[in-house]
Every structure is written in C-alpha cells, then in structure tokens.
Amino acid sequence: MANALSSDILTEQPSFPFSRPTTPGLLDHRQVGFVGLGNIGYAMAKNLAQNGPNNVSNLQPPKVWNRTISKSEKLVQQVGKDKASIAGSLEEIALECDIIIVNLANDDVVRSVYSRFAEALKSAPPTKKKIFVETSTIYPSLAGDLDKLICSFPHTHLITCPVLGSAIVADKSQLTLIMSGDYPSKKEVANLLVPSVGRKALDLGGDLEKALTYKLMANSMVLGTMEILAEALTFADKSGIGGERVLDLVKDFFPAPSMINYAERMAHEKFDGNTGFAIDGGIKDATHIRRLSAKYNCPMPAIDVAHQHLITARAIHLKEKNEGKDVASTLDWSGIIAGTRAGAGLDGFDRNKDATVVEI
C-alpha cells in the first residue's frame with residue numbers, strides 16, 4: 001500500500017489495522033534480530049532481509065541466530081552479506097538489536113532463550129526502546145511469564161505475533177500475522193513485516209494471550225481437516241475405491257490450497273517433515289489445544305482423536321527408524337494418516353503392502 005494513502009483509508013482495510021507512517025523515520029536506524037531458522041523462521045528472515053520496508057532508508061541488515069549455525073550461514077549466503085549478518089550469540093541479539101523476532105519450536109526452548117535474553121539485559125539495561133516479538137506457537141499463559149521476565153527492564157516491550165501459513169506460504173511472504181500487546185510496538189512491527197514477510201496483520205488487542213489462543217484455534221481447524229482427510233483416504237483404500245479418488249474429490253469440491261496440499265502428501269506418501277511441519281510440533285499444538293479446551297469447558301473431540309492418531313503415527317515412524325528402514329528423518333504431521341491406517345488394520349505408511357480389501 002502506497003504511503004500517500006491517508007491513515008483513515010488504510011485503517012479501514014482489514015489487511016492492515018494500523019496506520020502507515022506519513023513521514024520517514026519510524027524504523028530508521030533500527031537493528032532487527034531474528035532468532036530461530038526453522039522452515040517458517042528461515043523464510044521470514046530471508047524475506048525480511050530481501051524485501052524490507054521500501055520507505056526505510058536506514059534500517060540495518062538483520063542479525064540472525066540459530067542453534068545450528070549452518071542455517072545462518074546458508075541464509076547469509078542466499079541473501080548476501082550486505083543484507084544479513086550472523087550474530088555470535090543470543091546475548092549479542094539481546095544487547096545490540098532493537099526489534100528481536102523469535103520463532104522457535106516449543107515452549108521449553110522459548111523459555112530458555114528468553115532467560116538468556118534477561119541475563120544479558122541485567123548486565124546492560126536498555127537505554128532506548130526494545131521490542132521482543134514472539135512469533136512461536138506456544139501455550140498462551142507462557143506469554144505472561146515472558147512478559148514478567150523481559151519487561152521488568154526499562155524501555156522494553158513484548159508483543160505476541162504468531163503467524164498463520166505453511167512453509168510454502170511463508171516463502172511467498174503471504175503469512176497472516178496475529179498480533180497482541182502494546183499498540184505502538186505492534187504498529188512498528190507491523191510496518192516492518194507487512195508486506196515484506198506477511199500479507200496481512202490482525203490486531204487482537206492488548207492481552208498477550210489472545211493472539212496465541214487465536215493461533216491455536218486456527219491450528220485446530222487445520223488439524224481437524226487433516227484428521228478428516230486421513231480418515232477418508234483410509235476408508236477409500238479399505239473399501240477399494242483408492243486414495244486418488246479422494247484426492248480428485250478434494251480438488252473438485254474442496255479446493256482450498258491447504259486441503260489439496262495435505263491430501264496430496266497423504267495420498268502420495270510424502271511425509272518428509274524437513275519440507276513441512278514436524279509431527280512433534282503437531283503433537284505439541286494438539287496438546288495445547290486440548291489443554292485450552294479443558295480450561296474453557298469447550299469439548300473438541302476431533303482434536304482428541306487427532307492427537308491420538310498423531311502419537312500413533314510417531315510411534316510407528318520411530319519403530320521403523322529403529323529397524324533401519326528407509327524413512328524420512330523427520331516425520332511431517334500429515335503422517336497422521338498412519339494412525340488412521342493402523343486403526344483400520346493397514347500398514348501405517350506403505351499402501352503397497354496392503355492388498356485391496358473390500359469389506360462387506
């Protein structure tokens with residue numbers, strides 16, 4: 001959206017609920033740090049480095065940090081040394097960066113990283129505004145713990161900003177950003193990340209837990225859809241119709257990109273989690289959703305079943321790995337179908353091992 005458009009017009013557009021700066025300066029001289037280069041995080045950091053806001057002349061190239069340094073090296077090589085640099089430590093990120101974006105795998109890792117941030121800030125409390133942007137999918141109450149840990153320091157703010165979209169969507173800068181927390185901080189971050197990283201921002205107010213709850217609710221819809229797809233594909237194989245017919249049905253009558261993607265993965269047994277979403281993450285999200293459903297007395301039986309099928313699929317995958325079979329090193333959560341197949345008496349991952357059985 002062009003800067004010449006008035007803020008009144010812009011705020012009416014649901015894709016960007018914040019005003020754009022009318023004059024340069026909002027992000028000038030700001031140093032961005034990015035922690036966590038998994039499939040989603042890598043795409044976000046890459047796009048930020050390559051496609052940062054075009055109205056900012058002095059935004060510094062982002063510093064990136066990842067536990068496995070080879071991913072940081074790969075990113076810098078891809079975008080160029082003038083577009084990004086590798087931070088030597090988490091402490092360097094905490095002390096030298098003004099906007100710190102975190103995208104990590106699970107709650108324990110997130111808590112550990114923020115503890116290291118806090119220890120670093122004790123030695124040199126901030127003298128100007130510093131924003132921590134938590135984009136991981138974590139249990140909502142953890143946000144309060146992080147806020148207490150980080151925002152006890154002067155000039156420091158935390159916002160939650162989980163993202164909606166697959167790795168493919170992230171690579172195309174088409175993520176949806178869900179934002180909660182301090183309004184001026186959300187506005188600054190939204191102007192940084194849309195459209196360089198995401199296509200849309202949603203503002204869920206000041207409560208840090210709301211964005212995280214919304215993200216888990218959205219993931220419950222994805223997971224529930226995957227459970228239905230897995231059951232339909234298994235039923236098709238068991239009845240002799242065949243999975244390809246189900247895939248055709250999805251493409252003809254339910255042509256949502258995510259449904260087609262997961263149906264194709266299941267039908268064609270493309271279960272490599274290195275190019276998707278690892279099943280451990282799916283089990284973590286399902287666990288969080290079930291915990292929230294208990295908190296709010298809101299039964300979600302489809303998620304209960306999906307959670308069990310994810311665990312079954314992971315157990316089958318681990319067994320095959322331990323037996324030395326040629327399987328993906330990391331199982332994608334579309335591997336949930338192994339749970340429904342096992343329940344139907346079929347081989348978990350290899351449809352070729354099962355002769356077509358039509359039960360009457």
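My entries below go from the whole chain down to single residues.

**Entry: the overall picture.** I kept in mind that this is a predicted model. I started with the secondary structure and found 14 helices and nine strands. Next I looked up the radius of gyration, which is 22 Å; the globule rule gives 21 Å for 360 residues, so the protein is as compact as a globular protein of that length. For the extent, I noted that the C-alpha trace spans about 70 × 45 × 45 Å along the principal axes.

**Entry: inside and surface.** I checked burial and got 48% of the 360 residues as buried. I then took the contacts between residues at least 6 apart in sequence, and 73% of these join residues at least 24 apart.

**Entry: backbone details.** I found a cis peptide bond from Val194 to Pro195, with omega near 10 degrees. Pro195 sits in the loop that runs between helix H8 (183–193) and strand E9 (198–203).

His155 has phi near 65 degrees, and I placed it in the loop between helix H6 (142–150) and strand E6 (156–160). Ser173 has phi near 60 degrees, in the loop between helix H7 (167–171) and strand E8 (175–181).

Are these two buried or exposed? His155 is partly exposed, at 43% relative accessibility. Ser173, at 10%, is under the 20% cut-off and therefore counts as buried.

Key
Residues are numbered from 1 along each chain as its sequence is written. This is a predicted model: local features need pLDDT of at least 70, side-chain atom pairs count only at pLDDT 80 or more; totals for chains, interfaces and linings use all residues. Side-chain values use heavy atoms; hydrogens and water are left out. Helices (H or I, at least four residues) and strands (E, at least two) are DSSP runs, numbered from the N terminus. The radius of gyration is taken over C-alpha atoms; the globule rule is 2.2 Å times the number of residues to the power 0.38. Buried means under 20% relative accessible area, exposed over 50%, partly exposed in between (1.4 Å probe, protein chains only). Contact means heavy atoms within 4.5 Å.
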